[in-house]
Amino acid sequence: VGEKLGRAELYRYLKAFGFGAKTGIDLPGEAAGSLRRPSAWSNVTLHTVSFGQGVSVTGVQLISALSAISNGGFLMKPYIVRSVKDQSGAIVTESNPFIVRRVISEQTAKKVTNMLVGVTKDGGTGLNAALDDFEVAGKTGTAQKPDLKNGGYMDGAFVASFFGFVPARSPRLSILVTIDEPRGEYYGGAVAAPVFKEIARQSLSYMGVFRQQSGLPKIELAKAEAGRFDEGPSEAAGGGENPAGVPDFTGKTVRAVLKMALERSIEVNVIGGGRAVSQRPAPGQSMPGGKGHVIVSFR
(Lines give C-alpha, C1' and ligand atoms only; values in the text may rest on other atoms or scores of the structure.)
Protein backbone atom coordinates (compact mmCIF):
# COMPACT_ATOMS: atom_id res chain seq x y z
CA VAL A 1 0.00 0.00 0.00
CA GLY A 2 2.87 2.35 0.81
CA GLU A 3 4.46 1.69 -2.56
CA LYS A 4 1.17 2.38 -4.36
CA LEU A 5 0.79 5.68 -2.52
CA GLY A 6 4.41 6.70 -2.87
CA ARG A 7 6.45 8.83 -0.52
CA ALA A 8 4.66 12.12 -1.05
CA GLU A 9 1.12 10.76 -0.72
CA LEU A 10 1.91 8.57 2.29
CA TYR A 11 3.50 11.53 4.04
CA ARG A 12 0.56 13.77 3.12
CA TYR A 13 -1.97 11.37 4.62
CA LEU A 14 0.09 10.86 7.78
CA LYS A 15 0.20 14.64 8.23
CA ALA A 16 -3.51 14.94 7.46
CA PHE A 17 -4.30 12.44 10.24
CA GLY A 18 -2.35 14.67 12.63
CA PHE A 19 0.97 12.87 13.02
CA GLY A 20 4.08 15.00 13.40
CA ALA A 21 2.16 17.97 14.83
CA LYS A 22 0.64 18.94 18.16
CA THR A 23 -3.12 18.45 18.43
CA GLY A 24 -3.58 21.61 20.51
CA ILE A 25 -5.21 19.70 23.37
CA ASP A 26 -5.68 21.66 26.61
CA LEU A 27 -2.82 19.94 28.46
CA PRO A 28 0.67 21.31 29.14
CA GLY A 29 3.80 19.87 27.58
CA GLU A 30 2.26 18.19 24.55
CA ALA A 31 4.78 16.58 22.20
CA ALA A 32 4.55 16.69 18.41
CA GLY A 33 6.11 13.27 17.82
CA SER A 34 8.52 12.60 14.99
CA LEU A 35 7.68 12.36 11.29
CA ARG A 36 10.52 13.20 8.91
CA ARG A 37 9.89 14.78 5.54
CA PRO A 38 10.13 12.42 2.53
CA SER A 39 13.29 14.18 1.36
CA ALA A 40 15.05 12.76 4.43
CA TRP A 41 13.78 9.20 3.95
CA SER A 42 16.24 6.41 3.12
CA ASN A 43 15.55 3.66 0.60
CA VAL A 44 13.75 1.55 3.22
CA THR A 45 11.88 4.30 5.05
CA LEU A 46 8.82 4.07 2.79
CA HIS A 47 8.38 0.46 3.87
CA THR A 48 9.13 0.89 7.57
CA VAL A 49 6.90 3.96 7.90
CA SER A 50 4.09 2.02 6.20
CA PHE A 51 3.98 -0.45 9.08
CA GLY A 52 4.72 2.06 11.83
CA GLN A 53 8.48 2.17 12.39
CA GLY A 54 10.61 5.23 11.82
CA VAL A 55 7.94 7.49 13.32
CA SER A 56 6.96 8.37 16.88
CA VAL A 57 3.46 9.37 17.96
CA THR A 58 1.60 10.30 21.13
CA GLY A 59 -1.45 8.58 22.53
CA VAL A 60 -3.54 11.69 21.85
CA GLN A 61 -2.46 11.65 18.19
CA LEU A 62 -3.35 7.96 17.90
CA ILE A 63 -6.81 8.30 19.42
CA SER A 64 -7.50 11.43 17.35
CA ALA A 65 -6.54 9.65 14.13
CA LEU A 66 -8.71 6.66 15.04
CA SER A 67 -11.62 8.96 15.86
CA ALA A 68 -11.32 10.56 12.43
CA ILE A 69 -12.27 7.17 10.99
CA SER A 70 -15.16 6.73 13.44
CA ASN A 71 -16.33 10.29 12.66
CA GLY A 72 -16.76 9.55 8.98
CA GLY A 73 -13.42 11.03 7.92
CA PHE A 74 -13.36 14.24 9.98
CA LEU A 75 -10.39 14.94 12.26
CA MET A 76 -11.58 16.67 15.42
CA LYS A 77 -9.63 18.82 17.88
CA PRO A 78 -9.41 16.93 21.19
CA TYR A 79 -10.03 18.55 24.56
CA ILE A 80 -10.08 17.46 28.20
CA VAL A 81 -12.07 20.18 29.99
CA ARG A 82 -15.69 20.51 28.91
CA SER A 83 -16.29 23.78 30.76
CA VAL A 84 -15.05 26.06 33.54
CA LYS A 85 -17.62 27.59 35.89
CA ASP A 86 -17.42 30.37 38.45
CA GLN A 87 -18.60 30.13 42.05
CA SER A 88 -22.18 30.87 41.07
CA GLY A 89 -22.22 28.03 38.55
CA ALA A 90 -22.13 30.26 35.48
CA ILE A 91 -20.02 28.95 32.61
CA VAL A 92 -16.87 31.02 32.11
CA THR A 93 -15.34 29.02 29.25
CA GLU A 94 -16.67 26.05 27.33
CA SER A 95 -15.19 23.56 24.86
CA ASN A 96 -17.22 22.37 21.92
CA PRO A 97 -16.55 19.87 19.11
CA PHE A 98 -14.37 21.48 16.44
CA ILE A 99 -13.60 19.99 13.02
CA VAL A 100 -9.96 20.46 12.06
CA ARG A 101 -10.30 19.04 8.52
CA ARG A 102 -11.63 16.18 6.47
CA VAL A 103 -8.95 13.51 6.09
CA ILE A 104 -10.74 10.79 4.09
CA SER A 105 -14.16 10.45 2.49
CA GLU A 106 -17.09 8.97 4.38
CA GLN A 107 -17.05 6.04 1.96
CA THR A 108 -13.40 5.32 2.72
CA ALA A 109 -14.05 5.64 6.46
CA LYS A 110 -16.77 2.98 6.17
CA LYS A 111 -14.45 0.67 4.24
CA VAL A 112 -11.73 1.02 6.87
CA THR A 113 -14.31 0.49 9.61
CA ASN A 114 -15.29 -2.81 8.00
CA MET A 115 -11.65 -3.84 8.02
CA LEU A 116 -11.29 -2.86 11.67
CA VAL A 117 -14.40 -4.83 12.60
CA GLY A 118 -12.79 -7.89 10.99
CA VAL A 119 -9.89 -7.55 13.43
CA THR A 120 -12.20 -8.51 16.33
CA LYS A 121 -13.96 -11.35 14.50
CA ASP A 122 -12.90 -15.01 14.28
CA GLY A 123 -9.45 -15.19 12.74
CA GLY A 124 -8.59 -11.58 13.67
CA THR A 125 -5.73 -10.58 15.95
CA GLY A 126 -8.06 -8.62 18.26
CA LEU A 127 -10.58 -11.32 19.12
CA ASN A 128 -9.91 -10.73 22.83
CA ALA A 129 -11.40 -7.23 22.48
CA ALA A 130 -14.74 -8.45 21.11
CA LEU A 131 -17.92 -7.66 23.06
CA ASP A 132 -21.01 -9.84 23.25
CA ASP A 133 -23.50 -7.02 22.64
CA PHE A 134 -21.69 -4.69 20.24
CA GLU A 135 -19.43 -4.82 17.21
CA VAL A 136 -15.95 -3.50 17.93
CA ALA A 137 -13.77 -1.82 15.30
CA GLY A 138 -10.16 -1.95 16.35
CA LYS A 139 -6.52 -2.73 15.71
CA THR A 140 -3.77 -4.49 17.64
CA GLY A 141 -0.26 -3.10 17.92
CA THR A 142 3.04 -4.69 18.96
CA ALA A 143 5.83 -2.14 18.63
CA GLN A 144 9.54 -2.67 19.20
CA LYS A 145 11.01 -0.01 21.47
CA PRO A 146 13.87 2.01 19.99
CA ASP A 147 17.30 1.96 21.56
CA LEU A 148 17.92 5.68 21.98
CA LYS A 149 21.49 5.13 23.16
CA ASN A 150 22.90 2.71 20.62
CA GLY A 151 20.45 3.06 17.75
CA GLY A 152 18.21 0.39 16.32
CA TYR A 153 15.72 -1.42 18.55
CA MET A 154 15.99 -2.94 22.01
CA ASP A 155 15.95 -6.71 22.46
CA GLY A 156 12.77 -8.02 24.10
CA ALA A 157 11.29 -4.57 24.78
CA PHE A 158 7.85 -3.87 23.32
CA VAL A 159 4.84 -1.59 23.64
CA ALA A 160 1.66 -3.62 23.28
CA SER A 161 -1.48 -1.76 22.31
CA PHE A 162 -5.06 -2.00 21.17
CA PHE A 163 -7.29 0.83 20.08
CA GLY A 164 -10.81 0.81 18.76
CA PHE A 165 -14.24 2.40 18.72
CA VAL A 166 -17.58 1.02 19.79
CA PRO A 167 -20.34 0.47 18.76
CA ALA A 168 -18.58 0.13 15.42
CA ARG A 169 -21.45 1.38 13.22
CA SER A 170 -22.64 4.11 15.59
CA PRO A 171 -19.61 5.00 17.74
CA ARG A 172 -19.88 6.44 21.22
CA LEU A 173 -16.36 5.73 22.50
CA SER A 174 -12.83 5.60 21.14
CA ILE A 175 -10.44 3.82 23.49
CA LEU A 176 -6.67 3.36 23.41
CA VAL A 177 -4.84 0.91 25.68
CA THR A 178 -1.03 0.82 25.70
CA ILE A 179 1.09 -1.42 27.92
CA ASP A 180 4.75 -0.52 28.21
CA GLU A 181 7.11 -3.53 28.24
CA PRO A 182 4.63 -6.27 29.23
CA ARG A 183 6.15 -9.36 30.80
CA GLY A 184 5.58 -12.79 29.32
CA GLU A 185 3.21 -12.41 26.38
CA TYR A 186 3.79 -9.11 24.66
CA TYR A 187 1.43 -9.06 21.67
CA GLY A 188 -1.22 -6.34 21.71
CA GLY A 189 -3.98 -8.81 20.97
CA ALA A 190 -3.03 -10.89 24.01
CA VAL A 191 -2.36 -8.26 26.69
CA ALA A 192 -3.99 -4.97 25.62
CA ALA A 193 -7.16 -6.21 23.89
CA PRO A 194 -8.67 -7.77 27.06
CA VAL A 195 -8.17 -4.48 28.90
CA PHE A 196 -9.95 -2.64 26.09
CA LYS A 197 -12.85 -5.09 26.33
CA GLU A 198 -13.36 -4.50 30.04
CA ILE A 199 -13.08 -0.70 29.75
CA ALA A 200 -15.55 -0.65 26.85
CA ARG A 201 -18.02 -2.98 28.58
CA GLN A 202 -18.14 -1.01 31.80
CA SER A 203 -18.07 2.42 30.11
CA LEU A 204 -20.96 1.65 27.77
CA SER A 205 -23.01 0.40 30.69
CA TYR A 206 -22.14 3.54 32.68
CA MET A 207 -23.25 5.69 29.74
CA GLY A 208 -26.54 3.81 29.44
CA VAL A 209 -25.72 2.36 26.01
CA PHE A 210 -27.35 -1.05 25.69
CA ARG A 211 -28.00 -3.44 22.85
CA GLN A 212 -31.41 -3.07 21.23
CA GLN A 213 -32.92 -6.46 21.96
CA SER A 214 -36.08 -6.35 19.91
CA GLY A 215 -37.32 -5.41 16.50
CA LEU A 216 -39.86 -2.99 17.91
CA PRO A 217 -40.05 0.48 16.36
CA LYS A 218 -37.88 2.98 18.20
CA ILE A 219 -40.75 4.70 20.04
CA GLU A 220 -42.17 1.37 21.19
CA LEU A 221 -38.78 0.30 22.45
CA ALA A 222 -38.42 3.60 24.30
CA LYS A 223 -41.78 3.04 25.98
CA ALA A 224 -40.71 -0.43 27.03
CA GLU A 225 -37.46 0.95 28.43
CA ALA A 226 -39.33 3.69 30.27
CA GLY A 227 -41.29 1.03 32.13
CA ARG A 228 -37.99 -0.34 33.42
CA PHE A 229 -36.83 3.14 34.42
CA ASP A 230 -39.93 3.89 36.52
CA GLU A 231 -38.80 4.70 40.04
CA GLY A 232 -42.09 5.90 41.42
CA PRO A 233 -44.20 9.05 41.10
CA SER A 234 -42.08 11.13 43.47
CA GLU A 235 -39.00 10.75 41.22
CA ALA A 236 -40.79 11.50 37.97
CA ALA A 237 -43.22 14.17 39.10
CA GLY A 238 -43.10 17.34 37.04
CA GLY A 239 -43.76 19.61 39.98
CA GLY A 240 -46.22 21.86 38.13
CA GLU A 241 -43.67 23.17 35.64
CA ASN A 242 -44.63 24.97 32.46
CA PRO A 243 -45.62 22.08 30.11
CA ALA A 244 -44.13 23.98 27.18
CA GLY A 245 -40.90 24.68 29.04
CA VAL A 246 -37.90 22.60 30.00
CA PRO A 247 -38.58 20.45 33.09
CA ASP A 248 -36.35 20.70 36.13
CA PHE A 249 -34.24 17.54 36.04
CA THR A 250 -31.83 18.52 38.84
CA GLY A 251 -31.57 16.07 41.70
CA LYS A 252 -33.19 13.24 39.78
CA THR A 253 -31.68 9.93 38.74
CA VAL A 254 -30.83 9.00 35.17
CA ARG A 255 -33.80 6.66 35.00
CA ALA A 256 -36.21 9.28 36.30
CA VAL A 257 -34.91 11.86 33.83
CA LEU A 258 -35.29 9.44 30.92
CA LYS A 259 -38.86 8.69 31.96
CA MET A 260 -39.74 12.39 32.27
CA ALA A 261 -38.14 13.15 28.91
CA LEU A 262 -40.04 10.34 27.20
CA GLU A 263 -43.36 11.55 28.59
CA ARG A 264 -42.67 15.05 27.23
CA SER A 265 -41.11 13.92 23.91
CA ILE A 266 -37.83 15.58 24.85
CA GLU A 267 -34.50 14.25 23.62
CA VAL A 268 -31.95 14.05 26.43
CA ASN A 269 -28.17 13.80 26.20
CA VAL A 270 -26.99 12.13 29.42
CA ILE A 271 -23.50 12.97 30.72
CA GLY A 272 -22.13 11.09 33.71
CA GLY A 273 -24.07 9.10 36.29
CA GLY A 274 -25.72 9.46 39.69
CA ARG A 275 -28.12 12.40 40.06
CA ALA A 276 -28.58 15.41 37.80
CA VAL A 277 -26.56 18.45 38.85
CA SER A 278 -27.01 20.76 35.86
CA GLN A 279 -28.80 21.02 32.54
CA ARG A 280 -28.97 23.06 29.35
CA PRO A 281 -31.37 24.73 28.60
CA ALA A 282 -32.18 25.76 32.16
CA PRO A 283 -35.43 24.68 33.84
CA GLY A 284 -38.46 26.66 32.74
CA GLN A 285 -37.01 27.93 29.49
CA SER A 286 -39.51 27.60 26.68
CA MET A 287 -39.24 25.14 23.82
CA PRO A 288 -41.48 25.42 20.75
CA GLY A 289 -44.24 22.87 21.06
CA GLY A 290 -42.73 21.55 24.27
CA LYS A 291 -40.12 19.59 22.31
CA GLY A 292 -36.39 19.94 22.08
CA HIS A 293 -32.94 18.65 23.09
CA VAL A 294 -31.62 18.95 26.65
CA ILE A 295 -28.11 18.17 27.93
CA VAL A 296 -28.22 16.85 31.49
CA SER A 297 -25.06 16.33 33.57
CA PHE A 298 -25.04 13.83 36.44
CA ARG A 299 -22.66 13.30 39.33
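Reader: Where is Pro281 found?

Author: Pro281 is found in the loop between strand 9 (276-280) and strand 10 (292-298), where helices (H or I, at least four residues) and strands (E, at least two) are DSSP runs numbered from the N terminus. The peptide bond that leads from Arg280 to Pro281 is cis, with omega near -5°. Another cis bond runs from Val166 to Pro167, with omega near -15°, and Pro167 has its place in the loop between strand 6 and strand 7 (173-180).

Reader: What should I know about the model itself?

Author: This is a predicted model, in which local features need pLDDT of at least 70 and side-chain atom pairs count only at pLDDT 80 or more, while totals for chains, interfaces and linings use all residues. Residues are numbered from 1 along each chain as its sequence is written, and side-chain values use heavy atoms, with hydrogens and water left out.

Reader: Why does Glu181 count as partly exposed?

Author: Buried means under 20% relative accessible area and exposed means over 50%, with partly exposed in between (1.4 Å probe, protein chains only). Glu181 has 40% relative accessibility, so it counts as partly exposed. Glu181, which is not a glycine, also has a positive phi of about 50°, and its place is in the loop between strand 7 and helix 5 (188-191).

Reader: How do you know that Asp147 has no salt bridge?

Author: A salt bridge needs a side-chain nitrogen of Lys or Arg within 4 Å of a carboxyl oxygen of Asp or Glu, and Lys and Arg count as positive, Asp and Glu as negative, with His and the chain ends not counted. For the buried Asp147, the nearest side chain of opposite charge is Lys149, 7.7 Å away, and there is no salt bridge.

Reader: What does the side chain of Asp147 reach, and at what distance?

Author: The side chain of Asp147 reaches the backbone nitrogen of Lys149 at 3.0 Å, and a polar atom of that side chain lies 3.0 Å from the backbone nitrogen of Asn150. A polar contact is a pair of N or O atoms within 3.5 Å; within protein, one must be able to donate a hydrogen and the other to accept it, and residues adjacent in sequence count only if both atoms are side-chain atoms. Asp147 itself is found in the loop between strand 5 (137-146) and strand 6 (153-166).

Reader: How many aromatic pairs does a search of the whole structure find?

Author: The search finds three aromatic pairs. Among them, the rings of Phe158 and Tyr186 have their centres 4.0 Å apart and their planes at 5°, so this pair is stacked: rings of Phe, Tyr and Trp (its six-membered ring) pair if their centres lie within 6.5 Å, and planes under 30 degrees apart count as stacked, over 60 as edge-to-face and the rest as tilted. Phe158 lies in strand 6 and Tyr186 in the loop between strand 7 and helix 5, so the pair ties together parts that are 28 residues apart in sequence.

Reader: What makes the pair of Phe162 and Phe196 stacked or edge-to-face?

Author: The ring centres of Phe162 and Phe196 are 4.9 Å apart and their planes stand at 65°, so the pair is edge-to-face. This pair links distant parts of the chain, with Phe162 in strand 6 and Phe196 in helix 6 (residues 193-206), 34 residues apart. Phe162 is buried, with a relative accessible area of 0%, and Phe196 counts as buried at 0%.
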